[in-house]
Each structure stands twice: as C-alpha cells, then as structure tokens.
Amino acid sequence: MSSLTAQQRQSLIDELPRLKRFCLSLTSDPSDADDLLQVTVERLLEKGMPADAHVAKWSHRVCRNVWIDEIRSRDVRNRYAQSEGAVEGAGTTAENADESVQLDRVSAAMERLSPEQRAALVKIAVEGCSYAEAAAILEVPIGTIMSRVARARKALIEDLEWKAEREA
Amino acid sequence: MKDDSKNVVDMDGIRVDDDHLLSMYIDGELDAERTISLAGRLKHEPALRARLFAMENNDRLIGKLYCNQSNESGRDLASLIQTDNVAIFKPMTRWRELAAGAIAASVLAVVALSLTTGQSTFNPMTMDRSLAQALERSPSRASGWEHLDSKREFRSVLTFPAADGRWCREFMLAHNESHWRGVACRDEGTWVNQVVGSEVFLERETQYRPAGAGDIEKVARFIDETASDVALGPQQEATLIASGW
C-alpha cells in the first residue's frame, strides 16, 4: 500500500479534531484518547491507504482496530475498578447542581455507556452528523445509529436521575 | 413513571418508544407527520416535555465536555503528518511507558521466581560485555551453542522489530546444564534484558526438570505483545548486523 498522498495528508489533518473526539468517545479517558490518536496517526503514516480511500472512514476504522488491539492487551478489570472509584467520588462530593458538577456527572455517566453508544452519540450530538453521515463513518446501518443514540440518551437520563435520587 | 410501551410505534419495521421518538426529534430525523404528532403531544404532556429537556441538556453538557477536551490535544500531530519524508520515530506514549513499567516488573518477578527454585545462584540478568557483544554480532541459529565466557554459552534464536522501533532478540543461555530463555532489546546502542525465564535445569544430578509453563509463557507473551512484525530472515538479519543495527 502506498504512503499518504499530499491530499490525504491534508484531509487527515482536517479530520484530526473529529478523530480526537472519536478517540475520546471510545476510551472515555483524555490520556488514553491522546495515545490512541497518536498511535492511529502513526499507523496511518506507516501503512498508508488506497488512493481512492475515504480518509475519514479509513482513519476511523484504523482507530477502532488500534483500540481493539489495545484493550485486548491491557487489564480491563483494573481500569474498571479505577473508573468505579472516580464515579463514586463525583457522586458524593456534589452539594448543588452547578454546571461543573453536572459536567462531572455526565462525564461519569458517559463512561458507563458502551463504546458503540458513546461513539454514536458523540457523532450526532457533538459533531452534528446526520444519521446517514454517522452510519457511513462508523460503517453500521442507519437504524443502528438511531437505536444506539436513543438508547444512549435514555441510559444517561436514567443514570443521572438515579444518582440524583440517591443523593437527595 | 409513564409506561413507554404504551407509546411504542412501528417505524419502518422497527418498534420505537417515546425515547426513540424524542431522540430522532432532537436530531431532526423524524418525518414530517411524526414530527407534527410529537409536537402536539409535547404541548399537552409535561412528563414528555421534561424528558425532552433532560435529553437536550445532557447533549449540551456532552458537547461542552468533548469540545473542551478535544481542543487540548497537546501533541503536534499535524506537523508529523505534513512531513514529506516521514521517519517514524515513535515518540513515547503513555501506553508505551506503562508497557515498559510492566516489563520491568515482569523481569523482577521472573528473576525472583528463578532464584527461589534453589537450583542455581547464577543470575541470568547479568547483561555484561560478553552477552552484549554476542547479541550485537551473533547470527540466529536453530541449534548449537556459542562459547560466551567461562560460565555461559549463548544462542541467538531470532530477531524481530518491536512496536516502539527498537530491535529485539530472543536468545538462550546455558549454564551448568541449566538453560535460560530471554528477550533483550537494543536501546540506543545498549542491549537491555526485557524478560528471562528458566527453561530446563538440573535436579539431583542427571534428572532434568522442565521449567514451569509460566516462565516460557512470559517470554512468548512478551514477544507476542511487543513485536510489530515477523522475525527477520537470515539475510535480513545479517544485513542488519553488518550495518550496526
């Protein structure tokens, strides 16, 4: 496979902010997202892509595969225990519902979503993609995007309502 | 709480409830007829309206969360991408630092395991000049041993590239009928042991006891997790050695 053309390089640079958000939606951790983005870019530069490849789709696919490789090799239980600890901290320190507290709660609730739901919701709610655009980038049917986004929003509401009741 | 199942509708063969309808409404993905119907319901159903506002508020917070964090990349990847003649120097990521730490811990664990077996006080981790020179110059072989010093014999097994850009070699050491298998990587001209395990060793004169599966598995697992490509063939390895790595 040939290395990246000049146009592909520029397209990849333009795609970086969306790719970064995708990394964050997969990892739900800013440090991991940075590492995932860097390793994804390294792999794209090393392996290149076909001349007619859709840069956004190709880079998202490589990113997903890099993340799958990474989670296979790390101790997921330890990380789950760490994220549980972080959630407990966010739930018990809040006294009032100012925005920074709300951000903490939403952040913790987002971590509890599946990576697929998180990625779909970020594509739609943050990047403003249509269902068709998100389906093309993530390479799933449009109905799957609809379902994942709706379930993610439902899960967030119910998760945050439960937390509020517990603290009341 | 309202039973959403009472408002489950069939949409193109998919059963969707109010949450699905609200979600599609927010995203502008509902058709005109269902949009009008839902808008009518929102006027007269406070609970439905409250749920819509909650979804929209969460969306707003998620937008803040992700836009803030995605603006703080901290690494100049754009420059890396733009470079015409890209030599991938693989700047350290946190993942690689964690892997290096895990490797150091596994080395200590394996050495502790080996030393507590009571079979030998020989420390296989001694990366001295003799071992380093053998790693630097000796071609890999399937059998036979190379005399290293008065105490040890050496055989290089294979050479492979690591994901972080270093060259690594699997090798074997023999000492007093005991065999050790390990991996060392070349770090800016210096060979550093990464993992070592005992393979077989002498127990009660001539009775050989194979090492526990854990030791050799550690070596195999390290190679599996570290290697970025297959091992070099004999000619590639010879060229690499001749070029000074």
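**View 1. Strands β3 and β4 of chain B pair up in this predicted model.** Strand β3 (residues 146-147) of chain B runs antiparallel to β4(B), and two bridges join them. Two strands pair if DSSP finds at least two bridges between them. Strands (E, at least two residues) and helices (H or I, at least four residues) are DSSP runs, numbered from the N terminus. His147(B) has Glu153(B) in β4(B) as its bridge partner. Five residues lie between β3(B) and β4(B), and the two strands form a hairpin.

*Reading the labels.* Residues are numbered from 1 along each chain as its sequence is written, and chains are lettered from A and ligands numbered from 1 in the order in which they are written. In this predicted model, local features need pLDDT of at least 70 and side-chain atom pairs count only at pLDDT 80 or more, while totals for chains, interfaces and linings use all residues.

**View 2. Strand β4 of chain B also meets β5 of chain B.** β4(B) covers residues 153-161, and β5(B) covers residues 167-175. They run antiparallel, joined by eight bridges. Phe154(B) is partnered by Leu173(B). Thr159(B) is partnered by Arg169(B).

**View 3. Strand β5 of chain B pairs with β6 of chain B.** Strand β6(B) spans residues 178-187. Nine bridges link it to β5(B) in the antiparallel sense. Ala174(B) stands opposite His179(B).

**View 4. Helix α2 of chain A, end to end.** This helix has 18 residues, 30-47. At 1.5 Å a residue, it should span 26 Å, and its end C-alpha atoms are 26 Å apart, which agrees. The expected span is 1.5 Å times one less than the number of residues. Buried residues in α2(A) include Asp32(A), Leu36(A), Val39(A) and Leu44(A). A residue is buried if 20 or more other C-beta atoms, placed from the backbone, lie within 10 Å of its own. Gly48(A) follows the helix, with a positive phi near 70°.

**View 5. The largest nonpolar core.** A nonpolar core is a set of buried Ala, Val, Leu, Ile, Met, Phe, Trp, Tyr and Cys residues joined through C-beta atoms within 7 Å. This one has 52 residues. Among the members that touch the most others are Cys23(A), Leu36(A) and Ile62(B). Helix α6 (residues 115-126) of chain A gives the largest share, seven residues. Another core, of 16 residues, lies apart from it; Phe171(B) and Trp180(B) are among its members.

How values were computed:
Buried ≥ 20, exposed ≤ 12 C-beta atoms within 10 Å, placed from the backbone.
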